[in-house]
Amino acid sequence: QLTPSSFLRIGQLSNVDLNEDVRELETELPRQHPNEIPHNEKLLSLKYESLDYDNSENQLFLEEERRINHAAFRTVEIKRWVICAMIGILTGLVACFIDIVVENLAGLKYRVVKGNIDKFTEKGGLSFSLLLWATLNASVVMVGSVIVAFIEPVAAGSGIPQIKCYLNGVKIPHVVRLKTLVIKVCGVILSVVGGLAVGKEGPMIHSGAVIAAGISQGRSTSLKRDFKIFEYFRRDTEKRDFVSAGAAAGVSAAFGAPVGGVLFSLEEGASFWNQFLTWRIFFASMISTFTLNSVLSVYHGNAWDLSSPGLINFGRFDNEKMGYTIQEIPIFIFMGVVGGILGALFNALNYWLTMFRIRYIHRPCLQVVEAMLVAAVTAMVAFVMIYCSRDCQPIQGSSVAYPLQLFCADGEYNSMATAFFNTPEKSVVNLFHDPPGSYNPMTLGMFTLMYFFLACWTYGLTVSAGVFIPSLLIGAAWGRLFGISLSYLTKGSIWADPGKYALMGAAAQLGGIVRMTLSLTVIMMEATGNVTYGFPIMLVLMTAKIVGDYFVEGLYDMHIQLQSVPFLHWEAPVTSHSLTAREVMSAPVTCLRRIERVGTVVDILSDTSSNHNGFPVVESNPDATQVAGLRGLILRSQLIVLLKHKVFVERANLSLVQRRLKLKDFRDAYPRFPPIQSIHVSQDERECMIDLSEFMNPSPYTVPQEASLPRVFKLFRALGLRHLVVVDNRNEVVGMVTRKDLARYRLGKEGLEELSLAQT
């Protein structure tokens, strides 16, 4: 099926952003201000680099590891546990901060608007209340959107796709910076207070990951502070393991679901897994839930009762009223089908919307305007719906936070307002637990319809916000509607409790949008504190995933694909056995000799057309008998450190001046290695020689050129490689396989398809 176009991409491969500040590139593009950026989802971007998950076992590394004795290894292990505990504590505290600030600001906003509405209902002139509400929303969202669009665009969205990519081994610029964390937290607070259809749960995962990446390095490159601790962990291998612990701690702080957090890390994130890692991650998640719980309990004034394990609390479901019988199983499966179809519709709409945004709304000021527009429209829709609703419920015995009376009789409140006039988390809990008869079916139907489109429009705006809560809310609304109509049909029999169906609907809708199965089942079980529903929730989620996958892929995978990230899935495409390494690899390869002229190295590194990142090292002086066989592999970052410290053969004789480079010098330069342009090499130094033998990795992974694509893929994916050298039978280098070469092949509608590569 495949055209031999694999030779056309030579020279455009592995474009590296070594200096993470890609600002120069970004400022050049918008100057022409194109009205439309052509974007095609069948592209792979070359601006993303792989992480070096595989340690470079050069002589320095081996010497250091041999120096460390057994006791020192034990202290390293203890340090890992300490870091995990710190990750848990800090993630829990950040979650507390978000929760408390949101509660107070949103409460203030709703009190102001409620007072205003009550005042104007009597005298007439409710349009002022509408204006007040819309202006409050738009101004708060404007601040939240400005900081994201102008200061740190990576903080937009929920951050789950980005963390998924990071754990898959793709280095996304700025994704685990301190600045990103600050913007993320402020942005989430502002977008939830601004009344958008968003949740604060998704971004907790990103926040946890940033915290983990920061703590495990023992220093902050943004603040230029080095605490001289945890230096052993300054490499991608260790950092990535800690980031998966941080993501798990974020989930468990958001939902109060430590086991769910571990499973989330396992299902969505980490590509490499071992027993000890699982245990450490579980420890971090537990600590994070416990911290959140204790701080919030103290804040709410009941210090000893630990009653709020997560940011969202679905409340307890009683087993007595809420059991389920065997004849309800088909009903649950049907709800799963509905959830899958609605989720697929949501994703398809969001896909077109995101394509439109990438093409036309790419300037920060336009993005801010769009966010403000959405905020104002959300307030207007909510207001009009509450205004037109005639659904009145008695206030006695109901637990509504801000009951709006509007045109209801005294002692009654408007039940549309409980759904709209509240933060989404509270609305979900109300839909789960309000007694039967609290909602009119008409109210629920209208609410589901409007909120579906609002949430779909909101996801992908330039604000930090999650999609978890809105999808739970949509699902809970139509699930409750479903339950009410069932009890109409069965003449109000006992088992049709609307709250139970609201829970199943919420699970179905969320499963249909994000397509997580295992972790979502456990998260829902832990958040409701009820094991009885494990089986029906699992059924609903499986059905939703199967039905949804038939139409379109999950929301996060879709956004990863729209950003053209070279993401490697668990398996190679099914029909790819016909391809061999020779067809997949990129060739020719820039090789270095074992003892190389400094000038040659500088020229190769400065060459902008081939921005390669790993160079095979071959034997220096091949004569007629000896072939230039592969001797090792050296990375661009290592070469840059060597040039910076001027480790040249000629200077080795002046042994007084020159100390030997240690592994610490490489670690101190990590993760932001200086660009080659900043290193000055004089004309005389260009004539020196540089000996790579103690710095190169002498045993890189290689494959023969006849190996099939699935075999190459397995090796690459399971070991987390960044470069895989392809050799012929005389051990000469013929090509190199990098992440882009493998991610290019994807199963499309017509079978195997090959993506083209783009520089942007």
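1. In which sense do strand E10 and E11 pair, and over how many bridges? The pairing of E10 (residues 614-618) with E11 is antiparallel and runs over five bridges. The model is a predicted one, and the comments that follow should be read with that in mind. Two of the residue contacts between these strands can be named: Val617 stands opposite Gly632 in E11, and Val618 has Leu630 of E11 as its bridge partner.

2. The pair belongs to an open sheet of three strands, ordered E8-E10-E11, with mixed pairing. Strand E8 (592-593) and strand E11 (630-635) are at the edges with a single partner strand each, so one side of each has no neighbour in the sheet.

3. A second pairing involves strand E13 (residues 702-704) and E14, which run parallel and are joined by three bridges. Here Val703 stands opposite Val726 in E14. Along strand E14 (residues 724-727), Leu724 and Val726 point one way, while Val725 and Val727 point the other way.

4. On the helices, H7 (residues 202-217) deserves a comment. Its 16 residues reach 24 Å from the first C-alpha to the last, close to the 22 Å expected at 1.5 Å a residue. Of the 16 residues of H7, 15 are buried, so the helix is largely enclosed by the rest of the structure.

5. Charged pairs come next. Side chains of opposite charge can pair when their charged atoms come close. The count of salt bridges in the model comes to 28. One of them joins the side chains of Lys200 and Asp99, at 3.6 Å from N to O. Lys200 lies in the loop between helix H6 (178-193) and H7, and Asp99 lies in helix H3 (residues 70-123), so the pair ties together parts that are 101 residues apart in sequence. Both partners fall under the 20% cut-off for burial: Lys200 counts as buried at 5% relative accessibility, and Asp99 counts as buried at 10%.

6. A further salt bridge links Glu596 and Arg593, whose closest N and O atoms are 2.9 Å apart. The partners fall into separate accessibility classes. Glu596 counts as buried at 4% relative accessibility, whereas Arg593 is partly exposed with a relative accessible area of 35%.

7. The side chains of Asp603 and Arg686 also meet in a salt bridge, at 2.8 Å from N to O. Asp603 lies in helix H23 (residues 598-606) and Arg686 in helix H27 (residues 683-686), so this pair ties together parts that are 83 residues apart in sequence. Asp603 is partly exposed, with a relative accessible area of 43%, while Arg686 counts as buried at 17%. Elsewhere, salt bridges that share partners join Glu77, Arg80, Arg235, Glu238 and Arg280 into one network.

8. At 35% relative accessibility, Val649 counts as partly exposed. The C-alpha atoms of Val649 and Val598 are separated by 10.0 Å, with the two residues 51 apart along the chain.

9. Finally, the second largest pocket. What is its volume? The volume of the second largest pocket is about 1,400 Å³. The lining of this pocket has 49 residues, and those nearest its centre are Glu553, Asp557, Gln561, His569 and Arg746. By class, the residues of the lining divide into 24 nonpolar, nine polar and 16 charged.

Technical notes: Residues are numbered from 1 along each chain as its sequence is written. This is a predicted model: local features need pLDDT of at least 70, side-chain atom pairs count only at pLDDT 80 or more; totals for chains, interfaces and linings use all residues. Side-chain values use heavy atoms; hydrogens and water are left out. On a 1 Å grid over the protein atoms alone, a cavity is a set of points where a 1.4 Å probe fits but cannot get out, and a pocket is an open set with protein on both sides within 12 Å along at least five of seven lines; lining residues have an atom within 4 Å of a point. Grid points are joined across faces, edges and corners, and a volume is the space filled by probe spheres set on the points. Ala, Val, Leu, Ile, Met, Phe, Trp, Tyr, Cys and Pro count as nonpolar, Asp, Glu, Lys and Arg as charged, and the others, Gly among them, as polar. Helices (H or I, at least four residues) and strands (E, at least two) are DSSP runs, numbered from the N terminus. The expected span of a helix is 1.5 Å times one less than its number of residues. Buried means under 20% relative accessible area, exposed over 50%, partly exposed in between (1.4 Å probe, protein chains only). A salt bridge is a side-chain nitrogen of Lys or Arg within 4 Å of a carboxyl oxygen of Asp or Glu. Two strands pair if DSSP finds at least two bridges between them.
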